[in-house]
Amino acid sequence: MGFTKEIINVFPERISTVLSNIPDKECNKIQEIRLRAKKPLMVVKNSEDYFLDDKGQITKSLKDAFIVEVFDIDKTIKRMSNYSLYSVDDEIRNGFITLVGGHRVGIVGRVVLDNNSIKTIRNISGINLRIAREIKGCSKEILKLAYKEGLKHTLIVSPPGCGKTTILRDIIRNISNGNDELNIKGYKVGVVDERGEIAACYYGVPQLDVGIRTDVIDSCPKVIGINLLLRSMGPEVIAVDEIGSLEDAKAIQDALKSGVKIIATAHGKDLDEVKNRIGIKEMLENKFFEVVIVLSKRQGPGTIDKIIYL
Amino acid sequence: MKFIGCILIIASTTTMGFYISYLLSEKVRQIQEIQYALQVLEGEIVYSSEPLYNALLLVSKKLREPLKSFFIDMSKDLKEFKADTVYEIFINLFEKYRDKIFLNKEEVEVLAKFFGELGTSDIEGQKKNFNVTIKRLELLEKQAEEKRRKNDKLIKYLGFSFGVIVVVILI
């Protein structure tokens, strides 16, 4: 199977022809597709970048590379927004759009400011499509090791691209569905998906499988989202992505007080590095988390580096 | 026999006159309906941020033929990514509806411009696009209505008189 129709469709003809010519077995390994104005069309495969020539062959040689024009990017953005840029205003302001199927599109360009916050991004010059892949069962090892004696407040730490979010999603799915094999009953899980990466909601509906007892509040700031879930949805577990600020710490503290288990992720190479972030430092010092899982890329994304019990 | 022939000729030219006058009034109705459609569409876009294909589909439910099918088809083409821009999709589709939607060049241009802007900017930009287009359409509607009012009776009479003239010549 090559790229899904959802991915091919968002590109204008010039680019979609190239992409649909990529051999099937290569497609499955591609993690990112990158468009930059007047620069070669690139794909990231096994964490390394390659060019594409106009026949869809993956190559390392720059001189054969297919060059992306400004109008290609312009057309791509229009298609990605379903020809409705106004409907993705807020998403563009945050620098990304979510596509059907949960693929994330990062965008850069010229920023228009309004009172020090981004009003919109114009003249978009770079697009990075990150292909969402669900790897079901990738958190089995972690669940087995860390949750032997029931759920714990968990912090997952890893550098970008090591499968933090994929692992978090799989944990959510497993504890939400319940897993007899691992002796996990199904819990009510609330997910605050600020950046739309966990459940990848498309007009509110999760595009990725996050389990049957999961409530997702989409593109909501963590602090507001956690409080909202606590107030209205009665979750037993709350999962959030990429925490770090002091406000996050505060919101999580509220959740802890109400007896909810927290599963969170943070950017960082290891525990010492994330400790530099003021919010996480606060949380670790106050023993918010019971277990910290450090991931790395040593044996491919999602390698468990360390499990630290605090 | 002659008498029946005369009646037939007069009847057919008169019908022709009435048909042309119907076309003129239908055209006015269509322009009015387009204005109404744009107002509903504006609501869907500005207040609910519906994506275009969905907004058009919702609007189509409140319209009569042939605009109803036009909006449904447009929504479908957008959903299937038939072209790179809304403008292209509109132009291609309008070609198919040319004999059902009675707009002249100027009126089509206004719509083409409107669809060219549709969806390419934020809400503020969209609002402006709607305002400008609706104003233009109001003007065009006035012109079409004026034309219809002036020519309506004339065309009907002309149809009838033409029939009479033909009959007189033949006899």
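A nonpolar core is a set of buried Ala, Val, Leu, Ile, Met, Phe, Trp, Tyr and Cys residues joined through C-beta atoms within 7 Å; a residue is buried if 20 or more other C-beta atoms, placed from the backbone, lie within 10 Å of its own. This is a predicted model, in which local features need pLDDT of at least 70, side-chain atom pairs count only at pLDDT 80 or more, and totals for chains, interfaces and linings use all residues. Residues are numbered from 1 along each chain as its sequence is written, and chains are lettered from A in the order in which they are written.

The largest nonpolar core has 111 residues, and those with the most contacts inside it include Ile172(A), Val191(A) and Ala239(A). Leaving aside neighbours within four places in sequence, Val191(A) is in contact (C-beta atoms, placed from the backbone, within 7 Å) with residues including Ile172(A), Val210(A) and Ala239(A).

Chain A also holds an open sheet of seven strands with mixed pairing, in the order E12-E9-E13-E14-E8-E15-E16. Strands are DSSP runs of at least two residues, numbered from the N terminus, and two strands pair if DSSP finds at least two bridges between them. The edge strands, E12 (214–218) and E16 (303–309) of chain A, each pair on one side only.

| Strands | Bridges and direction |
|---|---|
| E9(A) (residues 189–193) and E13(A) (residues 237–240) | Four bridges, parallel |
| E15(A) (residues 291–296) and E16(A) | Six bridges, antiparallel |

The bridge partner of Val192(A) in E13(A) is Val240(A), while Ser296(A) has Thr303(A) as its bridge partner in E16(A). E15(A) and E16(A) form a hairpin with six residues between them, and Gly300(A) in the turn has a positive phi of about 85°.

Definitions and conventions. A residue is buried if 20 or more other C-beta atoms lie within 10 Å of its own, exposed if 12 or fewer, and partly exposed in between; C-beta atoms are placed from the backbone. Two residues are in contact if their C-beta atoms, placed from the backbone, lie within 7 Å.
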